[in-house]
Amino acid sequence: MRSSNSPRTSGSARRRVATGATAAFLGLTVALGNGLVSTASAADSATLSGIVLGVGANETQRTVTWYSSADTAQKIQVAPTAQLVNNEFPADAAVFDATGTANIATSGGYNRHATITGLKENTQYSYRVGSEGNWSTAYSFKTQDFEGEYDFLFYGDPQIGSSGNLAKDQAGWQDTVDVSLKANPNAELLVSGGDQVESANNEDHWKSFLAPDGLRQYPWAATIGNHDVGGKAYEQHFTTPNTDRSAPYYDNGNPDGTKSGGDYWYIYKDVLFIDLNSNSYNSANGGGDAAHINYVTDVINKHGNEAKWKVLVYHHAIYSPASHAKDGDNKLRRTDFPTTFSKLGVDLVLQGHDHSYSRSYLIKNGEKANPAEQPGAADVYPGPGGVLYVTANSASGSKYYDITKPDSSGTSGAGNGADPLNPGNYWYNSVQNQEHVRTYVKVQVRNDKLVVENVRSGTCAAPNSEVENGEWCNNTPEGQPVGSLVDKVTVHPYHGDKQDLQVNVPNPAPGEFGWTIDGYNGLVDLGTAKEQNGDHFVAGGKINPILVSDSRRSLAPWSISANVGDFKDADKTFSGSYLGWTPYVLDGGAGAVAGDPVASGYDDQGKGLSDSRGLGSAEQGHPRGSAKLGADLDLKIPDSVTKGGYRATLTITALSS
């Protein structure tokens with residue numbers, strides 16, 4: 001960065017150069033997939049649809065996936081929104097080439113995706129997809145701090161189309177997205193509980209699911225549900241990071257089975273998220289729960305120390321309150337998963353599938369961790385191995401499942417027996433709720449706690465497909481309005497018998513480079529010139545010292561230079577080239593080195609200080625600090641110069657990288 005400073009005539013106003021700023025978009029790389037067949041033409045007229053923003057491998061990334069009607073080469077164009085002029089992207093906008101394949105026949109067209117990398121924190125970005133001359137509408141998203149606390153939102157089973165009325169399902173889903181984002185505009189992730197649609201390969205269902213613009217403004221962390229797994233449309237619409245599609249996570253080890261989904265993971269700030277394809281559970285073919293357990297174990301062993309919290313997400317709820325609680329596959333998972341999750345220190349498990357809300361007691365090794373934990377406790381303390389399981393209700397209102405009754409099958413493991421403290425609930429659930437009202441889950445990630453809230457996004461009134469179709473509803477707008485809480489719990493981490501210390505370290509201040517006149521900036525009076533050798537006059541003096549300070553963390557080089565104009569008295573003048581100087585460092589610091597002496601042009605027929613000359617400088621890597629620079633002035637002028645009182649201006653310039 002450069003700063004040119006004007007000469008001083010009075011006072012000691014500081015000249016500063018703010019540092020630490022960099023170009024708004026640097027270091028972007030292309031993360032490409034495989035399989036793009038490119039037949040780009042000079043005029044790409046492909047219709048672009050189904051654009052959805054996805055989560056990346058970390059905070060600096062986002063994925064974008066879309067459909068194209070034509071098999072042409074396409075890309076994403078991205079720039080900080082502040083750089084757009086009249087909604088036009090700058091010429092140096094970042095570009096990421098897309099890859100993709102042909103869609104299945106029922107979807108038609110082609111899919112494209114790419115990963116945006118190198119994002120900077122606290123920046124609003126705009127992006128569009130397509131090709132030159134055929135761009136989509138531009139959308140925007142905002143990054144926030146890449147460290148520390150944040151909120152994310154979890155949505156259960158929109159299952160668009162399941163009510164039989166696509167428009168009403170879409171309206172309810174749209175309303176939940178709008179309501180939740182209006183209430184939580186700084187939420188950073190939207191996490192799926194699975195079953196985005198009713199019919200896996202019905203593109204009308206997908207169009208309705210993708211209708212909310214919030215899905216282009218906030219990253220959607222997709223989860224595959226049993227209604228999404230019947231074909232390829234799920235992975236045509238969603239790109240997920242670090243995805244393992246080997247047989248145990250993709251098709252149960254059955255080469256003839258449906259191949260979609262896979263297990264994946266990502267780290268977002270202080271949370272390691274692991275997302276499982278719980279549709280793959282057939283152990284007979286090499287898949288099943290044992291494979292997922294191995295996957296979770298491997299990811300946590302490799303990456304668990306990179307985050308403070310561990311959150312698992314999968315579709316098939318193992319601790320839920322409705323009819324799926326007694327499904328054989330879920331009861332099997334209830335014996336297979338919990339001990340490993342407890343052993344690995346998982347904090348929170350987010351589930352869908354049962355279209356009703358529940359919050360478990362803290363579960364350790366398949367049993368209630370603390371038999372004394374009370375139903376609906378507002379604060380819970382996991383202790384070693386305690387895990388909280390949450391099942392999300394319908395986010396769209398397309399389908400609700402009513403709570404079912406406990407039986408006599410036991411109060412641990414796979415059992416569905418009654419809670420001794422609350423016999424109407426299953427033994428494992430602290431809270432169960434079903435009002436036939438749309439809800440979503442908000443999770444607040446804090447340094448010392450997780451706060452989980454189930455929030456009403458609607459009432460009994462429309463849009464609410466099931467209720468509009470004649471189902472009962474016991475919610476009232478007056479008593480339980482939109483935004484009211486169904487449930488709230490704070491999970492406090494376990495510290496054992498030690499004291500953990502927490503400190504937040506912010507980004508360091510970039511510092512600054514600047515200079516000022518040391519003391520009063522008075523007139524530098526060279527006095528009355530004296531005749532010398534009968535052919536010229538001489539005069540001398542000292543500049544007012546220059547105080548330089550550099551607190552930049554970049555330790556970038558700096559320099560101070562100066563040049564003088566002509567000396568003038570009314571219409572009389574002589575050249576500034578007759579002035580020379582000898583710089584020196586009065587007080588060392590900031591790596592300051594004095595500039596070279598410059599002779600008066602009278603001595604060497606040179607340009608003296610009429611050209612810019614260095615007073616002092618420092619190299620890259622110099623220490624931070626301050627220095628004081630001075631210079632002895634040497635003026636020699638021919639004796640042909642007319643008598644008078646002459647003045648000139650010394651212009652000082654500071655340069656810093």
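Trainee: What is the strand order in the open sheet of seven strands?
Mentor: Keep in mind that this is a predicted model. The order runs β14-β15-β16-β17-β22-β18-β25, and the pairing is mixed.

Trainee: Which are the edge strands?
Mentor: β14, residues 264-268, and β25, residues 429-433. Each of them pairs on one side only.

Trainee: How much are neighbouring strands turned against each other?
Mentor: By 15° on average, with direction ignored.

Trainee: Take β16 and β17. Do they pair in the parallel or antiparallel sense?
Mentor: Parallel, over four bridges. β16 covers residues 309-316 and β17 covers 348-352.

Trainee: Which residue in β17 stands opposite V313?
Mentor: L350.

Trainee: And which strands does helix α6 touch?
Mentor: α6, residues 288-303, packs on the sheet and touches β14, β15 and β16. Its direction makes about 160° with that of β15, which spans 271-275.

Trainee: How many salt bridges does the structure hold?
Mentor: It holds 24.

Trainee: Changing topic: cavities. How many are there of 30 Å³ or more?
Mentor: Two. The largest cavity has about 60 Å³ of space.

Trainee: Which elements give two or more residues to the lining of the largest cavity?
Mentor: β3 (48-55) and β4 (62-68). β3 gives the most, with four residues. The lining includes V52, L53, G54 and V55, and also W220, H237 and F238.

Trainee: How does that lining divide by class?
Mentor: Six nonpolar, six polar and no charged residues.

Trainee: What lines the second largest cavity, then?
Mentor: T223, I224, Y234, T240, T243, G261, G262, Y264 and D275. By class, that is three nonpolar, five polar and one charged.

Trainee: Now the open space. How much lies in the largest pocket?
Mentor: About 1,100 Å³. The pocket is lined by 36 residues.

Trainee: Which of them lie nearest its centre?
Mentor: V524, F567, Y646, R647 and A648.

Trainee: Which strands each supply at least two residues of that lining?
Mentor: β31 (536-542), β39 (625-638) and β40 (650-656). β39 gives the most, with three residues.

Trainee: How do the residues of the pocket lining divide by class?
Mentor: 22 are nonpolar, 10 are polar and four are charged.

Trainee: Last topic, the backbone. Which residues does a cis peptide bond join?
Mentor: A462 and P463, with omega about 0°. P463 is in the loop between β27 (449-456) and α9 (465-468).

Trainee: And which residue has a positive phi although it is not a glycine?
Mentor: H355, with a phi of about 50°.

Trainee: Where is H355 found?
Mentor: In the loop between β17 and β18, the latter covering 357-360. That takes us back to the sheet, where both β17 and β18 are in the strand order.

Notes: Residues are numbered from 1 along each chain as its sequence is written. This is a predicted model: local features need pLDDT of at least 70, side-chain atom pairs count only at pLDDT 80 or more; totals for chains, interfaces and linings use all residues. Side-chain values use heavy atoms; hydrogens and water are left out. Two strands pair if DSSP finds at least two bridges between them. Axes are lines fitted to C-alpha atoms, for helices over the stretch in contact, and angles run from 0 to 180 degrees between N-to-C directions. Contact means heavy atoms within 4.5 Å. On a 1 Å grid over the protein atoms alone, a cavity is a set of points where a 1.4 Å probe fits but cannot get out, and a pocket is an open set with protein on both sides within 12 Å along at least five of seven lines; lining residues have an atom within 4 Å of a point. Grid points are joined across faces, edges and corners, and a volume is the space filled by probe spheres set on the points. Ala, Val, Leu, Ile, Met, Phe, Trp, Tyr, Cys and Pro count as nonpolar, Asp, Glu, Lys and Arg as charged, and the others, Gly among them, as polar. A salt bridge is a side-chain nitrogen of Lys or Arg within 4 Å of a carboxyl oxygen of Asp or Glu.
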